[in-house]
Amino acid sequence: MILNPRTCVAFTGHRTYRDEARELLLPTLEALYERGFRTFLSGMAVGFDLAAAEAVLLLRQRHAEVRLVAVVPFRHQAARFPAAQRLRYERILAAADSIEVLSEEYHRGCYARRNDFLVAHAQVVVAWYDGLPEGGTYYTVERARTRLREVINLHPAAPFHPLSPAPELF
């Protein structure tokens, strides 16, 4: 699938996410749809990524032109997921409109490569980010902001306003 970043949204968030933004996620996606975004990229990690992918599938029921792209860092990503999360992952993968497998095998840095792909191919990043300066979510949010992507952070402890644009760089 050829991705047009001007119409794509990516997700990043903590694996500890437990549906805390359930009431915000679908309305946020609806608002993005109204702004012209049609393609949504999920890195398919346990937690926020899978929840966001499920919300995209619900959005697609309302708007047939919505597309879900599963961005898989390596082919057997779900091999070590708990059984229930592996089934959830496989169900989402089967429903995705496209699957981008970035590596056949796990390698050091494959998750950062996936996060780079998400930011490179999206204009907006929807996050579940607690503000701590560590981990893959921090890396992805900072990469998005330094590349002047819009970041919408749904976490209640958001370090910046949920609808704030990326800062101007001098």
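Contact is taken here to mean heavy atoms within 4.5 Å. The model is predicted, so that local features need pLDDT of at least 70 and side-chain atom pairs count only at pLDDT 80 or more, whereas totals for chains, interfaces and linings use all residues. Residues are numbered from 1 along each chain as its sequence is written, and side-chain values use heavy atoms, with hydrogens and water left out.

With residues up to four places away in sequence set aside, Arg88 touches Leu50, Ala51 and Glu54. Arg88 belongs to helix H3 (residues 83–95), where helices (H or I, at least four residues) and strands (E, at least two) are DSSP runs numbered from the N terminus. Its relative accessibility is 15%, and Arg88 therefore counts as buried, a term that stands for under 20% relative accessible area, with exposed meaning over 50% and partly exposed in between (1.4 Å probe, protein chains only).

Aromatic rings come next. Rings of Phe, Tyr and Trp (its six-membered ring) pair if their centres lie within 6.5 Å, and planes under 30 degrees apart count as stacked, over 60 as edge-to-face and the rest as tilted.

| Pair | Centre to centre | Angle between planes | Class |
|---|---|---|---|
| Phe11 and Phe40 | 6.3 Å | 15° | stacked |
| Tyr129 and Tyr138 | 6.4 Å | 35° | tilted |

Because Phe11 lies in strand E1 (residues 8–13) and Phe40 in strand E2 (residues 39–42), their pair ties together parts that are 29 residues apart in sequence. Phe11 and Phe40 are both buried; Tyr129 is buried at a relative accessible area of 3%, while Tyr138, at 29%, is partly exposed. One aromatic cluster is formed by Phe11, Tyr17, Phe40, Phe48 and Trp128.

A charge sits over a ring if NZ of Lys or CZ of Arg is within 6 Å of the ring centre and within 35 degrees of the ring normal. The charged end of Arg38 sits over the ring of Tyr33, 3.7 Å from its centre, and that of Arg15 sits over the ring of Tyr111 at 5.8 Å from the centre.

The axes of helix H1 (residues 22–34) and helix H2 (residues 48–62) come within 10 Å and cross at roughly 55°; axes are lines fitted to C-alpha atoms, for helices over the stretch in contact, and angles run from 0 to 180 degrees between N-to-C directions. Residues making the contact include Tyr33 of H1 and Phe48 and Ala51 of H2.
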